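Subject: Structure handover and notes

Hello,

I am passing on the structure we spoke about, followed by my notes on it. Please read them with the structure open beside you.

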Amino acid sequence: MSTLLEVSGVSVTFDGFRAINNLSFQIGPAEMRAIIGPNGAGKTTFMDIVTGKTRPDEGRVLWGEKSQSLTRMSEAKIAQAGIGRKFQRPTVFEDQSVFDNLAMALRKPRGPLAVLWYRPARADAERVHELAAEIGLSDQLSRKSGELSHGQKQWLEIGMLLAQEPRLLLVDEPAAGMTHEEREHTTALLVEAAKTRAVVVVEHDMEFVRRLNCKVTVLHEGAVLAEGSLDHVTANQQVIDVYLGR
Amino acid sequence: MRTSYFVRNPSVVIFLAVLLLFTLGVTALSDGAGNGAISTSFIKTLGKTLCLCLIAVAMDLIWGYTGILSLGHFAFFGLGGYMVGMWLMYERTRDIVITSLANAPIPPTEQEVVDAIGTQIFGVVGSSEFPLVWAFADSLVLQLALVVLVPGLLALVFGWLAFRSRVTGVYLSILTQAMTLALALYLFQNDSGLRGNNGLSGLQNLPGVSAPQSVVSLWFFWASALALGLGYMLASWVVSGKFGSVIRGIRDDEARVRFLGYPVEAFKLFVFVLTAVLAGIAGALYYPQAGIINPAEVAPIASIYLAVWVAIGGRGRLYGAVIGAAFVSLISTWFTGGQVPSVNLLGYRVDWVEWWQVILGLSFVLVTLFAPKGIGGLVDLVTGRLAPNRHGADYGPDQGALMEEEGRK
C-alpha cells in the first residue's frame, strides 16, 4: 500500500520537555485512523507538526506521491497541498453566515487578488448547498454560525473541511460535548469521508473509537506505544498500564 | 439571480446620495459659487473634514474589518501631504522668483532661477541646495505619483517585515506608533530636506491660478467629496465579497484562516498597503486646504485620534467611520476654536479649549465600554424597527416562536 503521509523519527522539545520523541507514523490515501493516548501524550503536538504550526527539531514529514517535505512549508501552503484540520474547540467564523463559512472554505485560488476578483459562480453555490445537506445544515444556511448549537458548529467545521477537498483530514476530538444522536451523525460523516481520503481522528472516548471501527495508534510520552485493531491494542499490557488501567 | 451591486449594498447608495446632497448644498451656500452664507474658511474646514472621513474609511478597513489596530496611518496621510506640498511650494516660489527677476538687466539663466528658488525655500534652515528628495518637485505628474507610491512603499516594507514576523495585537500597534514617531522625528531635523519644523507652507496658493481663494476652496471641497465617494465605493466593494469574508475571518480567528489555506500575511499586507495609499490621497487633498504641513502632523497622537474617531463612529461598518470622523472632528474644531463660551462651575472656570480633550477622552472610554457599536449602532435601532431581526436562538418549542432578539425588546 502506498503512503500519503509519512512521519519518521520526529522529535520536538519545548523548554526542555520532549513533547514528541522519535515518533514515526504512516497513513495511506484512503484510510481511517484513530489516535488515542493519555493527556500530554503529544497528540495535539503531532497535529501541529503535520499542519506546520510547530517545526520539529529533527525528523522528516513527507507528503504525497512526490514525498514533499512539509517541515519547511507554511501553514497556508500545507493546507493548500491538501491537509485539513479540525480543532478540538469548534472554530467557525461566528460573525458570518453558515453559507459564507462554507463558501470561504471551498477549494478555490487563495491569493488576495484572486479572492478580490472572485465572484461566486452558480456551481459554487450548488456545492455549498450539497455540503450543507451532507452535514445536515441545509435549513440553517442564512443563520449566523455563532447562533448554532455546539454540535451544529462541529458539523459546520467538518463541512468546511470537506469543502477544502483535502486528501488528509486531521480531526481533534470531534465527539467532545455531543449528545448520543449527534455522535452517530458525526461518526457517519467521518466514515463516509474516509472512503475517499485519509482521516486521522484524535479521540479520548473509547466507545466512539470503537464505532469508527478502524486501526488505532496509541501514543505515550511522544512516541507510538502500540498500533493495530482496537481489540489488539486494548489487550496490550503496556497500553493497559499507561492508559486504560487508570 | 445576480442582483446589482448597489441593490445588495443599499447603504452605499444612501451614503453617496447624502454626500452628493451635502456637496450641492454647501456649494449653493458658499462664497465662491452661491449666496455666501458659508465663509471660505468654513468651506475649507468642511473640505478637510471630508479628507479626514476618507482616512477614517481606510482606518475602518484595517482596524474594523481586518482587526489590525494600526496607530500609524497619519504617517501615510502626512507623507501624501508632503509629496503634493513639495510641488506646490516649488512652483509657487518659482513664479515669485521669475517675477522678481523679470526686471533684472540680464535675463536669468535656468540655473540662476533654480538657485534662487532654493535660497527662498531653504533659507529658513540655513541652506540653499535642493536635497535629493526634491528631484521631481518641478513635475506635478511625478509628485502626484509619489503621493501614492511613497506611502504605499513605506507600508509595503513596514508591513512585510511586521506581518512576516507574525507581530500582532498590541505589539503591532506599538510598532506602528514607533514608525510614525520615527518619521516625525526625522522630519523635525533641519537637514531632512523638508524644512524641519517649519514644514511646507503657502500650500493654499495654486501656482498659475489667479482665481480667488473662495473659488479654489470649492475646487478642493469638490475634489475631497469625489475622493471620499470613490474611496467609500472601493472600500465597500473590497469588503462586500469573499475578500471581506476572509479579512473578517482574519480579525476573528487568524489561525483558522491560515489552516483553511489562505496566506494570512499576504492579505494583511494587501489591506495595509491599500489603506496607506488611501491615507496618502486623503493627505494630499487635506494639506492644500490647510495651507501648511509640518512634522507635528505625523506625531503619534494624530493616529490615536484617528482610532478614537472610528471607535466613536462605530468600527466594522464604513459609514460609522465616516460619521465618527465628521462628527468628532467638527465638534473638535468648534470646541477648540475658542468660540464656545466658558462655563462657571461652582467657582471653577471651565475653558472648553482645554476641557474638550477630557470630554473626548471620557467619551472614548464610555463608548468602548457601553456602546461598542458606536454612533453607527444607532442605525441598527432604526432598521431593527423596520424589519425585526429574526436570526436568533428560538425561545419557544417551535420555529417561528419569539426569537432572542425580539424577546429582549
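pLDDT is the predictor's confidence in each residue, on a scale from 0 to 100. The structure is a predicted model, in which local features need pLDDT of at least 70 and side-chain atom pairs count only at pLDDT 80 or more, while totals for chains, interfaces and linings use all residues. Residues are numbered from 1 along each chain as its sequence is written, and chains are lettered from A, with ligands numbered from 1, in the order in which they are written.

For chain A the mean pLDDT is 88, with 98% of its residues at 70 or more. Within chain A, confidence is lowest in helix H10 (residues 237–244), at a mean of 79, and highest in helix H3 (residues 98–105), at 93; helices (H or I, at least four residues) and strands (E, at least two) are DSSP runs numbered from the N terminus.

The contact between the chains takes 26 residues from chain A and 24 residues from chain B, two residues being in contact if their C-beta atoms, placed from the backbone, lie within 7 Å. On the side of chain A that touches chain B, helix H2 (75–81), H3 and H4 of chain A each supply at least two residues. That side has ten nonpolar, six polar and ten charged residues, where Ala, Val, Leu, Ile, Met, Phe, Trp, Tyr, Cys and Pro count as nonpolar, Asp, Glu, Lys and Arg as charged, and the others, Gly among them, as polar.

Three loop residues of chain A also deserve a note. A:Arg119, in the loop between helix H4 (112–117) and helix H5 (122–135) of chain A, counts as exposed because it has 8 C-beta neighbours inside 10 Å; a residue is buried if 20 or more other C-beta atoms lie within 10 Å of its own, exposed if 12 or fewer, and partly exposed in between, with C-beta atoms placed from the backbone. Most residues other than glycine have a negative phi. A:Glu165, however, has a positive phi of about 50° although it is not a glycine, and its place is in the loop between helix H6 (150–163) and strand E7 (168–172) of chain A. With 14 other C-beta atoms within 10 Å, A:Glu165 is partly exposed. A:Glu221, in the loop between strand E9 (215–220) and strand E10 (223–228) of chain A, likewise has a positive phi of about 50°, and A:Glu221 is partly exposed because it has 15 C-beta neighbours inside 10 Å.

Best regards
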